Each structure stands twice: as C-alpha cells, then as structure tokens.
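Here's a quick tour for anyone meeting this structure for the first time. Have a look at the sequence and the 3D view, then read on.

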Amino acid sequence: MVLHAVATTVPRLLAARSASEPDREALVVDGIGALTFGSWQRRAADLAERLMQRRVAPGDRVGLRFGAAEWLDYAVAYVAVQRLGAVAVPVSADAAPAELAHVLADCDAAGLVHAGGTPDWPGGWTQAAGDGAGSRCGEDLSTPHHEEPR
C-alpha cells in the first residue's frame with residue numbers, strides 16, 4: 001500500500017526522458033519539424049525562465065495562442081507553463097480579438113504566450129515563445145512540495 005505517491009507531471013516526465021534519451025525525437029509534425037527530448041526540455045526551461053521574470057506563479061492562468069503550424073512551439077509553451085505550476089489555457093489562433101479578450105478575461109489570465117507578431121490583447125502581458133538565451137530555471141514547480149508530517 002502506497003501512502004505518499006509522488007505526483008507525475010508532464011514536466012517531470014519530460015525531464016526524465018530528456019536525461020535518458022536527449023537526442024531521441026519526442027515530437028514530429030509532418031511538414032513542420034521535430035523536437036528531441038533534450039531540445040524540448042531546454043526550450044521549455046528557457047521559456048519558463050522568461051515567464052518567471054513576468055512573475056508567473058503557481059495557479060496563475062496563462063493563455064497559449066498558437067496555430068497548427070506552430071504546434072511544436074505550443075508543446076514547449078505548455079510544458080513551460082506547467083513547469084511553473086501555472087495553468088495553460090489554449091486559445092485558437094483563429095479567435096477574433098473580441099473572443100480572445102473574452103476567453104482570457106473569463107479565466108483571469110495573467111498573460112498570453114503566442115507564436116509571434118502582435119496579438120490583439122490589451123488585457124495583460126504577452127510573450128513570444130521563441131528561443132531564449134539560456135535557462136537558470138532549474139526548479140520544477142508543477143506540483144506543490146509538502147513537508148512530510150512528523
């Protein structure tokens with residue numbers, strides 16, 4: 001009987017796979033490209049660092065707006081948001097500005113991560129998901145850390 005199971009999260013699973021098989025392809029989008037486990041992990045950590053600089057905290061909601069051609073960037077952003085313990089809120093890249101504003105306001109989003117360009121959302125910060133310099137973001141905040149009872 002297991003009393004205290006360790007929560008398995010997407011960021012933790014990716015970190016483990018990245019450590020064991022960094023050069024193996026993790027995601028392939030036909031006609032677009034591919035990500036290895038190592039590059040996915042590194043890019044997610046880089047983006048998580050930039051989101052930490054925007055003060056994204058556990059429980060915050062962060063909109064993710066990507067089209068089908070940007071699916072790999074979406075996967076990176078999804079893991080980056082979860083890595084911080086925040087909640088990813090997918091929004092269609094085809095959503096009209098009013099619909100985008102409504103969805104993000106309705107869920108009280110802290111900000112919006114997107115593929116690039118200038119999204120039509122005046123409600124908070126926006127962040128392009130492109131590659132960053134290097135990451136110092138080593139801690140995974142995707143699950144709360146509880147002290148064991150004594």
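L35 counts as buried, at 3% relative accessibility; here buried means under 20% relative accessible area, exposed means over 50%, and partly exposed is anything in between (1.4 Å probe, protein chains only). Keep in mind that this is a predicted model, where local features need pLDDT of at least 70, side-chain atom pairs count only at pLDDT 80 or more, and totals for chains, interfaces and linings use all residues. Residues are numbered from 1 along each chain as its sequence is written, and side-chain values use heavy atoms, with hydrogens and water left out.

**Around L35**

- You'll find L35 in strand β2, which covers residues 33–36; helices (H or I, at least four residues) and strands (E, at least two) are DSSP runs, numbered from the N terminus.
- Setting aside neighbours within four places in sequence, L35 is in contact with R24, E25, A26, L27, W40, R43, L72 and V76, where contact means heavy atoms within 4.5 Å.
- L72 sits 37 residues from L35 in sequence, yet their C-alpha atoms are 7.2 Å apart in space.

**The overall layout**

- The protein chain has four helices and six strands.
- Reading from the N terminus, the order of elements is α-β-β-α-β-α-β-α-β-β.
- Of the 150 residues in the protein chain, 41% are buried.
- Take the contacts in the protein chain with a separation of 6 or more: 68% of them are between residues 24 or more positions apart.

**The nonpolar cores**

- In soluble globular proteins, nonpolar side chains tend to be buried together.
- The largest nonpolar core here has 28 residues, and W40, L47, L51, V62, L64 and V113 have the most contacts inside it. A nonpolar core is a set of buried Ala, Val, Leu, Ile, Met, Phe, Trp, Tyr and Cys residues joined through side-chain atoms within 4.5 Å.
- Two or more residues of this core come from each of β1 (25–29), α2, β3 (61–66) and α3.
- Which element gives the most to this core? That's α3, with eight residues.
- V113, leaving out neighbours within four places in sequence, is in contact with L47, L51, V62, G63, L64, R65, F66, A77, W125, Q127 and A129.
- There's also a second, separate core of nine residues, and V89, V91, L104 and A109 are among them.

**The salt bridges**

- The structure holds three salt bridges, each being a side-chain nitrogen of Lys or Arg within 4 Å of a carboxyl oxygen of Asp or Glu.
- E21 pairs up with R17, with the closest N and O atoms 2.5 Å apart. E21 is partly exposed at 25% relative accessible area, and R17 is partly exposed at 32%.
- E21 also meets R24 in a salt bridge, 3.2 Å from N to O. R24 counts as partly exposed, at 45% relative accessibility.
- R43 and D73 form a salt bridge too, at 2.3 Å from N to O. R43 lies in helix α2 (residues 37–53) and D73 in helix α3 (residues 71–83), so this pair ties together parts that are 30 residues apart in sequence.
- R43 counts as buried at 16% relative accessibility, whereas D73 counts as partly exposed at 22%.
- Through shared partners, salt bridges join R17, E21 and R24 into one network.
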